[in-house]
Amino acid sequence: MFEIEAAAADRVVLRGRFDAAQEARAKEVFDRISGSCTLDLEELSYISSAGLGLLVALQLRLSRDGEGVTLTNVNPHIRELLRLSGLDQVFAVA
Amino acid sequence: VPGTGQRGIRIEGSFPKAISSLDRVFTFLAGFVEEHRLGPDLDFCLKFVLEEIFTNMVKHNTGSSREIRVALDHLGHEVLVELVDDDVDPFDPDSVAPLAVDAPLEERRPGGLGLHLVKSLADRLTYEYRDREMKVSIYKGVA
């Protein structure tokens with residue numbers, strides 16, 4: 001199960017398992033984000049490289065306008081993926 | 001207690017070569033993890049490596065529509081995840097350029113991230129190709 005919810009203009013909540021089959025759903029939500037935002041990952045149990053790639057694409061698009069993504073409540077497994085890929089230096093991780 | 005499951009019989013499954021198969025692939029894995037009481041760290045790792053290699057085969061081995069065969073085996077001190085794709089062209093994971101983990105955001109390019117993470121998470125990854133059959137085996141120690 002995967003859920004993605006724009007809880008506010010600057011806050012998106014992701015839940016469940018973000019695998020490659022969820023790319024289209026997530027991209028649809030990410031494409032509507034136009035300013036700095038927080039992605040709340042408290043209930044996100046899993047993410048694949050497809051999901052991480054979408055996060056990078058969002059960060060890259062927002063950064064062109066001086067905006068950015070903050071990841072919050074990142075679980076230890078996903079935090080380890082960020083560290084191993086150097087993406088912990090690409091995102092603000094709160 | 002995680003990691004104390006007995007060495008068991010190898011289980012095998014076949015899945016249509018499609019991203020939509022992922023639900024079934026994860027369910028297949030979940031049964032194995034539960035049976036062997038492998039714990040959350042190993043569960044996450046096995047999910048990740050299995051999905052990444054499976055989706056790579058779906059995306060890149062497009063010349064054949066044959067099902068992808070997945071085998072899971074508890075070898076005692078480690079777990080084996082094996083994926084076999086038949087009637088495909090060769091692709092050696094070692095031929096992929098290493099991911100530039102220190103690259104700034106603007107220099108990040110799509111591709112290579114999944115394989116980099118699989119290699120980072122796994123203890124060993126082997127690749128075999130013979131008679132147009134590709135086999136990728138990933139080994140991860142049981143803590």
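Colleague: Which residue stands opposite B:Arg124 in strand 5 of chain B?

Modeller: That's B:Tyr139. Keep in mind this is a predicted model.

Colleague: And how many bridges hold strand 4 and strand 5 of chain B in their pairing?

Modeller: Seven, with strand 4 running antiparallel to strand 5, which covers residues 133-141.

Colleague: What's the strand order in the open sheet of chain B?

Modeller: It goes 1-2-3-5-4, five strands with antiparallel pairing. Strand 1 (11-15) and strand 4 (124-130) are the edge strands, each pairing on one side only. From one strand to the next, the twist averages 15°.

Colleague: Which strands does helix 2 of chain B touch?

Modeller: Helix 2, residues 39-60, packs on the sheet and touches strand 1, strand 2 (68-74), strand 3 (78-86) and strand 5 of chain B. Its direction makes about 10° with that of strand 3.

Colleague: Switching to chain A: which residues of helix 3 are buried?

Modeller: In helix 3 (residues 76-85), they're A:Ile78, A:Leu81, A:Leu82, A:Leu84 and A:Ser85. They fall within an arc of 170° seen down the helix axis, so they line one face of the helix.

Colleague: What covers those buried residues?

Modeller: Elements from both chains: the cover includes strand 3 (37-47), helix 2 (49-63), strand 4 (69-72) and strand 5 (92-93) of chain A, plus helix 2 and helix 3 (113-121) of chain B.

Colleague: What's at the start of helix 3 of chain A, and what follows that helix?

Modeller: At the start, a side-chain oxygen of A:Asn75 comes within 2.9 Å of the backbone nitrogen of A:His77. After the helix comes A:Gly86, with a positive phi near 75°.

Definitions and conventions:
Residues are numbered from 1 along each chain as its sequence is written. Chains are lettered from A and ligands numbered from 1 in the order in which they are written. This is a predicted model: local features need pLDDT of at least 70, side-chain atom pairs count only at pLDDT 80 or more; totals for chains, interfaces and linings use all residues. Side-chain values use heavy atoms; hydrogens and water are left out. Two strands pair if DSSP finds at least two bridges between them. Helices (H or I, at least four residues) and strands (E, at least two) are DSSP runs, numbered from the N terminus. Axes are lines fitted to C-alpha atoms, for helices over the stretch in contact, and angles run from 0 to 180 degrees between N-to-C directions. Contact means heavy atoms within 4.5 Å. Buried means under 20% relative accessible area, exposed over 50%, partly exposed in between (1.4 Å probe, protein chains only). The arc is that of the directions from the helix axis to the C-beta atoms. A polar contact is a pair of N or O atoms within 3.5 Å; within protein, one must be able to donate a hydrogen and the other to accept it, and residues adjacent in sequence count only if both atoms are side-chain atoms.
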